[in-house]
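Me: I'm new to this one and would like to go through it slowly. Could you take my questions one at a time?

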Amino acid sequence: MPKDPFRTRDHVADFDDIVADIVTRSAATRATLPMMADIPYGEGKAERLDLFFPKGKRSDLPVHIFIHGGYWRMFSRSDYSYVANTVTNAGAIAVIVDYALMPEFRMAAIVEQVRRAKQWVLDNITDHGGDPGRLTVSGHSAGAHLATFLFEKTPMPSHIHAALLLGGLYDLKPLQTCFLKPLIGITDEEAYAFTPMKRRYDAKTAVTILVGEHETEPFHQQAAEFGLRLRQQGSVVHDLCLKHRNHMNSVRDLGIGGTQGGDCLMAMIGRTRG
């Protein structure tokens, strides 16, 4: 029987070692960087975020939101604190967001949560030395999927200067028949309503789409198709295949300077410093 292309553990031999490493890196980040933890952005138990700050004066700093992955069903913001290393090294405030998990909560609720998190940043980040006019976002896997909902085309500006999407899921239909079916059971209604390929986006948001060279074929295909969709809508899109990287070591790189992924994130934030 062929391996499920969406079951990451089947394709990343050192999956557990990488997870242990990012958890360790995240604990070190929380111990060393200036931060404010467990800030509520809504009323739900999971509606919390952490802020990490570059050292020195905090005034009109760029702001970056990171949304973690885990197929909407696992991990938390504390597992991904390490991404703040790159963000703060770029001179920006890092906003690491949590959200409720499936299957207890459904897709509609999770999407609304990340939207509320963005609105909290727009409404409050000036109090913490940030400039909401220089706001960027990134996400990995399911987090990349959720990040797309922060720069949709609406009557109001998205306020997202740029987005970095790593190993993202932009078509939910194939996930209805993969290993996730008994775990989260994405419905037909959810697949239709929350597939990024079916939605429209703010052309003023510059988008970087990253995929690891050693990702399975659906991740490459979805990245290419979503990039084309964005270009057709007038967005500026930069595509990059990360050499020798898979679904897990690619996201670890976001917190490590000198890697392709980490350098892409730092460069994107740097372009907002203007």
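Me: Which residues of α3 are buried?
Reply: The buried residues of α3 are M107, I110, V111, Q113, V114, A117, K118, W120, V121 and L122, where buried means under 20% relative accessible area, exposed over 50% and partly exposed in between, with a 1.4 Å probe and protein chains only. Please keep in mind that this is a predicted model, in which local features need pLDDT of at least 70 and side-chain atom pairs count only at pLDDT 80 or more, while totals for chains, interfaces and linings use all residues. Residues are numbered from 1 along each chain as its sequence is written, and side-chain values use heavy atoms, with hydrogens and water left out.

Me: What should helix α3 span?
Reply: Helix α3 covers residues 107-124, and at 1.5 Å a residue its 18 residues should span 26 Å, which agrees with end C-alpha atoms that are 26 Å apart. The expected span is 1.5 Å times one less than the number of residues, and helices (H or I, at least four residues) and strands (E, at least two) are DSSP runs, numbered from the N terminus.

Me: Which side chain meets R116 in a salt bridge?
Reply: That is E47, at 2.9 Å from N to O, a salt bridge being a side-chain nitrogen of Lys or Arg within 4 Å of a carboxyl oxygen of Asp or Glu. The pair links distant parts of the chain, since R116 is in helix α3 and E47 is in the loop between β1 (35-40) and β2 (48-52), 69 residues apart.

Me: And is E47 buried or exposed?
Reply: E47 has 5% relative accessibility, so it counts as buried, whereas R116 is partly exposed, with a relative accessible area of 34%.

Me: Switching topic, how many aromatic pairs are there?
Reply: A search of the whole structure finds 10 aromatic pairs, meaning rings of Phe, Tyr and Trp (its six-membered ring) with centres within 6.5 Å, where planes under 30 degrees apart count as stacked, over 60 as edge-to-face and the rest as tilted. One of them joins Y71 and W72, which is tilted, with 6.3 Å centre to centre and 50 degrees between the planes.

Me: What about Y170 and F226?
Reply: Those two are stacked, with 4.4 Å centre to centre and 10 degrees between the planes. Y170 lies in the loop between β6 (162-166) and α5 (188-193) and F226 in helix α6 (residues 217-232), so the pair ties together parts that are 56 residues apart in sequence. Both Y170 and F226 are buried.
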